[in-house]
Each structure stands twice: as C-alpha cells, then as structure tokens.
Amino acid sequence: MSPPIFADQDMVAEILTDQGAPSIRYEDAWRGGAHAFPISLTMPLERAEHAPEIVVPWLMNLLPEGEPLRAMTRAIGVAQDDLLGLLAETGRDLAGALTIGRPRPGESPAFLPIETDADLERILDELPSRPFLIGEEGVSMSLAGAQDKLPLILVEGRLAIPTGGASSTHILKPSNPRLPGSVENEALCMVLARRCGLPVAEVTTGVAGARSYLLVKRYDRVEMGGRTVRLHQEDFCQALGRPPVAKYQHNGSGVPGPSLADMFGVVRQHMTARDINRLLDAAIFNVAIGNVDSHAKNYSILLRSGRADLAPLYDLMSGLDWPNITPNHAQDIGGQRRGRHIYGRHWRRMAEETGLAGPAAVRRVRAVVDRILRELPPAFQEVAEMPAGGERLPRFAEAIAERARLVGDHSAVDGPVEPDLPPAAPAPSASHYEG
C-alpha cells in the first residue's frame, strides 16, 4: 500500500511502506513545479525522500488524540497505531492543503445540508461516539486535538457536511460539559486577541437545541474564483518533528516537548522579524489571559511556495475560572510555568533564550497587557451579543482582567528571591482542558 498525497489535483508525493514504517517520496513533477511547497519544514523539497523518523510524527499529528482517537478506531475497526489505515479512511479533508489517498470511485465533491437545529443537536450529541461522522456515506475528514469538533461547510448561511472529498470551510466546536461556559470563554479570548491586533481565526457562536457551539472560520481555506481553495499549514509539533504526545514542553512521554526557544528558532530560521514579534505577542497574550493550554499544536505555520508565515491564532481559552485546571503553562517563561509567579527576570531570561532583547521584551509585556485591559470591555460586549450569549462571561472577563493586571505589574519587578518552581508534571488532580 503506497497512498498518494495530493494538493488539489496535483500529486505531491507517495507514502511508502517498504522500510517497515511510512516514508515519503516527492513526485519529481511536484518538486520542479513553480508553485510547489513542502509538506513540512522537516521535509524540504531539495530532498526527494524522507525517512520514517520524520514522516511518522508528521502523520500522527494529523489525527485526533485521546478519546476522539479511540472512538475513531472503534468506529473504523482499525488499530490506533495503524496510521495509514486511519488516514485512508479520514484523509480527504485534513488540516492544511493536502489530502491522502486517491479519489474513491464515483466520488465528487458535494455537501449534505443539516436541515434543522434538531438535526445539528443530534449530530453534536453523537460526536463523542462517532467523531468526524465516521461511517457517514462519502464523509472522510480528520482534525487534530482531544476535543470534540466537526469540520463543516457554510452554504448560504446554513451549515452542511462535506462529502466526496469536498473541503470544509468552518470548524464547529460544541460546548464542553466538563467546562461550563467553554463556548463563550473561547469566543471571548478569540475576539479579545483580534481586538488586541493579533491575527486570529474568525469566530461566532450558535445554539442548537440545548447545545451551544463555537463556529470557527478556517484560515487554511480561502474562496478563489467561486471555489474553496485549501492553504497548506502545519503545527509546531510537525515543524519540529515531535509526536502529539510531546506537545507540552514538560511532559512524561520521554520526548522533550517544544520550548519557546525551539519555536522562536523555527520562526527565526524560516520567517521574518514580523513573525518573531507576532509570536512574542502571542506568548505574552496567552500568559496574560491564563491560557495554560497554548501547547505547540496550538501554534501553526502557513507554508506557501518559497515562504512560510506564522498562522493566525486559534484555540485560545482562559483556564482561570475552572477548578482542577493546572496552573502550569504549556511552555515555561524563563524557567517559570505559573502565570502568577512570572516576573521581570523571567521575561528577560526568556528573551535571552529566544534571541530577543530583554528590556524590549519586558516593555512589550506591558504594552500587550495595557491593550488587553483596554479592549476587554468591548470584546465582552461583542461576545455577549452573539447568538449563544454567555451567562459566565462576567466571571471569565473578571478573571482575565485580574490576571492581566498581575502579569503587567509583575513584569516591572524581579519578584521574590526564592527559587523558581521546578518543571514538574501537574498534580494528578489538575489537568489541561485540551482546548
């Protein structure tokens, strides 16, 4: 079995299995094409073939994690470590521009309208046992992450299910019963980021029966000439060759997760000063709002012919108002992981580790925090007026304002002289919310 990889109608590469694990060989015609882009920064076009140790982590990061992955394997009847078997069933609509596998006999892009709110509510209720509508005729799609979500098409204001290899345009994220108010929380953080000048995916909220949901416009899809065109992207785990289990800097997998220094290194090597500044602002923003789940898979890179750019932000959520959410951020800031204990010395150390100027980084913390506090009230109002409303919005906004003020004030001082917290794993009672 050697599944092909396509970008639109062009064959990009072939997945080979003659080494006992998947490797990738680019098509010569693709490598020589004027508009060719690499599958990954770890797989440059200059080399025709790439080995399993590079390819396997990249493929793993196309699939969901945790319970959605287990539910997917049960529905398909394929083992969890059978990457190609899973992708053969779900590879027609993935993150980025690529599809895996040849078009199926008689397949043509289409969509299945979701006729009523009751139909949508039923689909959302079934997602935990049937992720990505596995088993639905003509449906083949996958997204990374441990949260239930569903790629959809927005057609004349109505949601529809992509079939026959059609490209989704939006991602629907239903309310999380374990995290009350998750929809309005994420909407608030996303709108706040946009109002603070950070590039971010567009969002709104919706209601289907008893369920609320966040609707995210995909930044890796654009409308051109009356059709949806896929743009290629990869997350920072893929760009650094790490498996999804290592998405947190400090983890128990035995594989070190990406640090901010690692991520800034990728940006410095492949992108521009603008992207370095954008990544710094994003790191500051996540600390200031208490987004402890800003792991390496929640940052991505857009890959085009001859260039790479930091992708818009997504999956922004504040964990400050929920119990049993770890206080430890996904990456440490100069050796400190807990947002309320990050001081000026930590920001300066982080700057030194990432090749930035310490005093300038500290000034940027203050500037981002000031912008957050200024834009929080209008962001609150904007989300409150969305269809799902949000009775917990005041609590979320108050917690974000308190943390942002603290982060700003602490950035101006070096703080207590006691040692920084060790990079230990979270306590068993605490968890990430896997936004």
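**Entry 1: helix 3**

The model I am reading is a predicted one. I then asked which residues of helix 3 (residues 66-76) are buried. I listed P68, L69, A71, M72 and T73. I recalled that an α-helix has 3.6 residues a turn, so residues three or four places apart point the same way. Moving just past the end of helix 3, I looked up G77 and noted a positive phi of about 80°.

In what order do its strands stand? I recorded 5 strands in the order 4-3-2-1-5, forming an open sheet with antiparallel pairing. Strand 4 (49-50) and strand 5 (98-100) are at the edges. Each of these two has a single partner strand, so one side of each lacks a neighbour in the sheet. I reminded myself that strands of a sheet pair through backbone hydrogen bonds, either parallel or antiparallel.

I then examined how strand 4 is attached. Strand 3 (residues 23-26) runs antiparallel to strand 4 and is joined to it by 2 bridges. I looked up R25 and found that its bridge partner in strand 4 is E49.

Helix 2 (residues 52-60) lies across strand 2 (10-16), strand 3, strand 4 and strand 5. I noted an angle of about 100° between helix 2 and strand 3.

**Entry 2: F132 and L133**

I turned to the loop between helix 5 (117-126) and strand 7 (150-155), where F132 is found. L133 lies in the loop between helix 5 and strand 7 as well. F132 is not a glycine, yet I read a positive phi of about 55° for it. For L133, also not a glycine, I read a positive phi of about 55°.

**Entry 3: the largest nonpolar core**

Finally, I looked up the largest nonpolar core, which has 124 residues. Which of them touch the most other members? I wrote down I39, L59, F285, W347 and I372. Helix 9 (residues 273-289) gives the most to this core, with 10 residues.

Setting aside neighbours within four places in sequence, I found F285 in contact with C189, L192, A193, C196, L198, L316, V368 and I372.

Methods
Residues numbered from 1 in each chain as written. Predicted model: local features only at pLDDT ≥ 70, side-chain atom pairs only at ≥ 80, totals over all residues. Heavy atoms only, no water. Helix = DSSP H or I, 4+ residues; strand = E, 2+ residues; numbered from the N terminus. Pairing = 2+ DSSP bridges. Contact = heavy atoms within 4.5 Å. Axes fitted to C-alpha atoms, helices over the stretch in contact; angles between N-to-C directions. Buried < 20%, exposed > 50% of the residue type's maximum accessible area, 1.4 Å probe, protein only. Core = buried A, V, L, I, M, F, W, Y, C linked by side-chain atoms within 4.5 Å.
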